[in-house]
Amino acid sequence: PHVNFILRADGWGMADALKGYLMEMLQPHEHELVPMFVTTDVGEPLESDIQRAEEFDAVLLCYGVKIRGALAAKCEAHNVSWFQSNVIYELGDKLRDRIGSLLAPHEDFV
């Protein structure tokens with residue numbers, strides 16, 4: 001299956017670093033999970049990001065930017081998974097449960 005992401009970061013360098021980190025994190029499971037980056041952009045998330053996340057069943061990842069009140073509520077209302085952090089490894093840790101649930105039962109996600 002695919003795991004879809006919408007990335008938002010405080011700069012293009014961090015957006016690229018986050019993509020690289022996710023690809024590296026998922027590489028051992030590439031036969032089971034294919035990461036797809038629906039959109040990557042700089043700045044705080046927009047309502048259109050939440051709409052895309054819902055449409056593509058994507059996880060919205062925010063590095064160094066925040067999802068503000070009304071948009072956070074909209075994510076919750078539309079069952080959009082989202083994570084935000086200023087630490088790239090913390091985002092990876094938050095994703096492990098979501099990604100681990102997509103793996104076959106016999107595999108451990110490390």
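**Salt bridges, sheet and helices in a predicted model**

Asp-49 and Arg-52 both sit in helix H2, and their spacing of 3 residues separates them by about one helical turn. In this predicted model, the two side chains form a salt bridge, with an N to O distance of 3.7 Å. That distance falls inside the criterion used here, which asks for a side-chain nitrogen of Lys or Arg within 4 Å of a carboxyl oxygen of Asp or Glu.

How accessible are Asp-49 and Arg-52? Asp-49 counts as buried, at 3% relative accessibility, whereas Arg-52 is partly exposed at 31%. The cut-offs behind these words are under 20% for buried and over 50% for exposed, with partly exposed in between. The pair also belongs to a network of salt bridges that links Arg-8, Asp-49 and Arg-52. Strand S1 spans residues 2-9.

A search of the whole structure returns 5 salt bridges. One of them joins the side chains of Arg-68 and Glu-44 at 2.9 Å, N to O. Arg-68 is located in the loop between strand S3 (58-63) and helix H3 (69-77), and Glu-44 in the loop between strand S2 (34-42) and helix H2 (47-56), so this contact ties together parts that are 24 residues apart in sequence. Arg-68 is partly exposed, with a relative accessibility of 48%. Glu-44 is partly exposed too, at 35%.

Another salt bridge joins the side chains of Glu-47 and Lys-74, at 2.5 Å from N to O. Here the partners come from two helices: Glu-47 lies in H2 and Lys-74 in H3, so the pair ties together parts that are 27 residues apart in sequence. Glu-47 has a relative accessibility of 40% and counts as partly exposed.

The strands come next. How many strands does the open sheet have, and in which order? The sheet consists of 4 strands in the order S2-S1-S3-S4, with parallel pairing. S2 and strand S4 (82-85) are the edge strands, each pairing on one side only. On average, neighbouring strands of this sheet are turned by 20° against each other, direction ignored.

At one end of that order, S3 and S4 pair in the parallel sense over 4 bridges. Within the sheet, Leu-61 stands opposite Phe-83 in S4.

Helices pack on this sheet. Helix H1, residues 12-26, touches strand S1 (2-9), S2 and S3, and its direction makes about 170° with that of S2. Helix H4, residues 88-100, lies across S1, S3 and S4 and runs at about 160° to S4.

Most residues other than glycine have a negative phi. Asp-57 has a phi near 50°, a positive value in a residue other than glycine. Asp-57 belongs to the loop between H2 and S3 and is exposed, with a relative accessible area of 53%. Asn-79 also has a positive phi, near 55°, and is likewise not a glycine. Where is Asn-79 found? Asn-79 is in the loop between H3 and S4, where the residue is exposed, with a relative accessible area of 70%.

Technical notes:
Residues are numbered from 1 along each chain as its sequence is written. This is a predicted model: local features need pLDDT of at least 70, side-chain atom pairs count only at pLDDT 80 or more; totals for chains, interfaces and linings use all residues. Side-chain values use heavy atoms; hydrogens and water are left out. Buried means under 20% relative accessible area, exposed over 50%, partly exposed in between (1.4 Å probe, protein chains only). Two strands pair if DSSP finds at least two bridges between them. Axes are lines fitted to C-alpha atoms, for helices over the stretch in contact, and angles run from 0 to 180 degrees between N-to-C directions. Contact means heavy atoms within 4.5 Å.
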